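Subject: Structure handover

Hello,

Please find the sequence and structure below. My notes follow after them.

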Amino acid sequence: MTEEMHGDEMPSGSGFLQRSGHFVVVFLVAVSMRVFHLFFSVPEVGRDRPMGDALSYDEWGFRIAGGEWIGSEVFYQDPFYPYFLGLLYSLVGRSYFAVLLVQACIGILTVLLTVQLASLLFGRRAGLFAGLLAALSSEYLFYEGQLLKEVFVAFFMTLFLLMLVRLFGLKQGLGKRAFFCGLVLGCLCLNRGNALLFVPVVGLSLFGAYHHDLKFAVRGLCALGVGLLLAFLPGVAHNLFVSGELILTTAQAGPNFYMGNNPRATGFYVPLRPDREMPIYERLDARELAEEALGRKLTPTEVSQYWQKKGFDFILENPGRAGVLFLKKIYLFLASEGADTVDIDYYRDLSPALAWNPIRYAVLTPLALAGLLLLFRSQPRLRTLVWIFLMSMASVGLFYFFSRYRFVVMPILLVSAAGFLHHVLELEFRTRSRYLGGVACLLLGMILLVNVPFVQGVQESRGTGYLNRGIRRAWAMEYEEAVEDYQRALEINPGLHQGRIFLSSALIELERFGEAAETLKKVKGKPEFTLEAWYGLGWALSRAGRAKEAVSELNELLEANPGHVLAKTLLQSLTKQEEGALPH
């Protein structure tokens with residue numbers, strides 16, 4: 001490209017003014033969107049306790065702020081973000097507003113780094129496109145408003161890619177740049193452990209770029225390694241101090257690998273023990289189950305190795321099923337928006353900055369994939385980014401899918417989408433008219449790939465934000481509000497049958513027994529319809545004055561499970577009582 005800049009080259013004169021103008025425009029858009037979004041998201045985050053990983057990070061950070069800087073166990077979750085929270089809490093108290101404000105500022109820095117990255121790859125106009133896409137990105141705004149580490153994942157990933165692109169084409173100064181590139185990559189690994197897979201990509205790319213000067217290449221590789229080790233050193237020292245074991249980052253790789261590769265695996269997160277999805281249980285369950293199986297106490301490394309071996313055993317014994325699972329997870333990585341503990345649909349109902357925002361994964365990714373395919377050959381430095389994208393995708397294929405697990409590739413998607421738009425607009429009209437048909441077909445194919453749910457389960461997790469808020473409100477005995485949240489979750493995702501189970505429980509607490517019974521009937525025959533739910537259906541019918549239906553359900557339950565004591569007791573009580581005298 002004629003506008004492409006190399007290394008530290010800076011435009012002068014009108015070019016500098018144009019580039020500065022792009023930064024100003026992007027900065028103003030980024031600030032405006034974040035102020036607008038924070039106005040709506042801060043009250044929501046501050047009103048309820050966090051859930052899932054956010055709760056774990058919040059409590060960990062609070063303990064650090066209270067003086068527990070070392071702790072007593074090896075790191076099980078990536079440690080960078082909890083220590084950020086701990087430092088911030090020690091300065092300003094346990095203020096979620098302060099956290100979101102700092103995260104918004106980091107998000108703005110990420111947006112400006114995106115401008116620079118795209119400018120280096122494709123030119124200044126592409127930098128402006130990428131900056132605007134990043135400033136408006138629904139995913140960036142959403143995660144910046146959560147107590148989750150993704151804000152640092154985006155920041156360090158963008159900074160790492162920028163430093164990586166600047167490593168190529170140098171005649172001097174490689175060692176210094178490689179050192180800082182390794183340092184930033186190490187920080188990224190402390191936020192997203194699967195970024196360790198980027199290390200061989202970077203190493204091979206460096207060696208390939210400077211193989212003609214072996215001494216120069218080795219110097220750069222050594223500097224890269226020193227930067228990585230410096231980033232890992234505090235965590236390694238911590239783990240060695242508390243356990244006596246040399247653990248690079250965390251001790252959860254084995255359990256996570258098994259959760260994605262076992263007879264019950266679906267491609268999504270499935271806990272080792274049913275109904276124990278909370279992070280506080282993950283370490284405990286992994287250790288207890290492994291020690292029970294082996295009959296002895298295990299170290300954190302041995303626990304991880306146990307689950308890693310079980311995962312590999314499953315793959316070797318079931319190669320066909322394991323292959324299908326891997327491909328399903330690869331597809332989920334590319335497919336449209338999936339949910340997590342809090343899903344983006346939930347916040348779209350709260351924040352107009354998300355609700356009216358067209359820059360979302362479903363729109364961005366087709367443009368980005370088309371850009372990667374079109375520009376792979378013509379942009380040598382883009383090839384390394386493509387390999388990093390593929391390694392990210394493979395890491396999800398090896399483990400399991402959460403929407404935030406693919407968030408690490410967002411900077412690549414943003415600059416690739418901007419490169420695609422820049423490439424199409426740069427073509428001469430005559431060339432563009434001949435070329436446009438093929439480009440349109442390619443783009444249509446990417447849109448279908450990303451947005452059509454070819455694989456069952458792609459949309460199954462939608463609505464979990466309202467479901468989880470309903471659970472929180474039910475814990476607080478705010479049952480009317482919980483019912484509203486459960487109903488909203490089911491509007492978004494009618495297939496969220498677990499939501500009907502929770503809804504029936506809240507309705508029973510409100511003594512709306514007839515509604516509870518009808519809700520449970522809709523779940524009957526589904527995997528979520530447990531024996532406890534079946535008994536709940538019989539009990540709700542009995543309390544609603546529908547004794548005949550209750551007896552029928554209880555008899556059917558006892559045919560399936562003759563030993564269900566509560567069902568026997570209720571059935572005996574119903575048959576002995578006079579009509580209308582129902583048990584309490």
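How far is the sulfur of C189 from the closest cysteine sulfur, and in which residue is that sulfur? The distance is 9.2 Å, to C187, which is too far for a bond. With a disulfide taken as a pair of cysteine sulfur atoms within 2.5 Å, the count comes to 0 disulfides.

This is a predicted model, in which local features need pLDDT of at least 70 and side-chain atom pairs count only at pLDDT 80 or more, while totals for chains, interfaces and linings use all residues. Residues are numbered from 1 along each chain as its sequence is written, and side-chain values use heavy atoms, leaving out hydrogens and water.

The average pLDDT (the predictor's confidence in each residue, from 0 to 100) is 85 for the protein, and 89% of the residues score at least 70. Residues 1-14 have pLDDT below 50; this stretch has 31 contacts in the model beyond near neighbours in sequence (contact: heavy atoms within 4.5 Å).

On accessibility, buried means under 20% relative accessible area, exposed over 50%, and partly exposed in between (1.4 Å probe, protein chains only). C189 is buried at 0%, and C222 is partly exposed at 48%.

T519 also counts as buried, because its relative accessibility is 10%. T519 lies in helix α24, residues 513-521 (helices are DSSP runs of H or I, at least four residues, numbered from the N terminus). The T519 side chain reaches the backbone oxygen of E515 at 2.8 Å. Leaving aside residues up to four places away in sequence, T519 touches R500, L503, S504 and L507.

Regards

How values were computed
Helix = DSSP H or I, 4+ residues; strand = E, 2+ residues; numbered from the N terminus. Polar contact = N/O pair within 3.5 Å; in protein donor to acceptor, adjacent residues only side chain to side chain.
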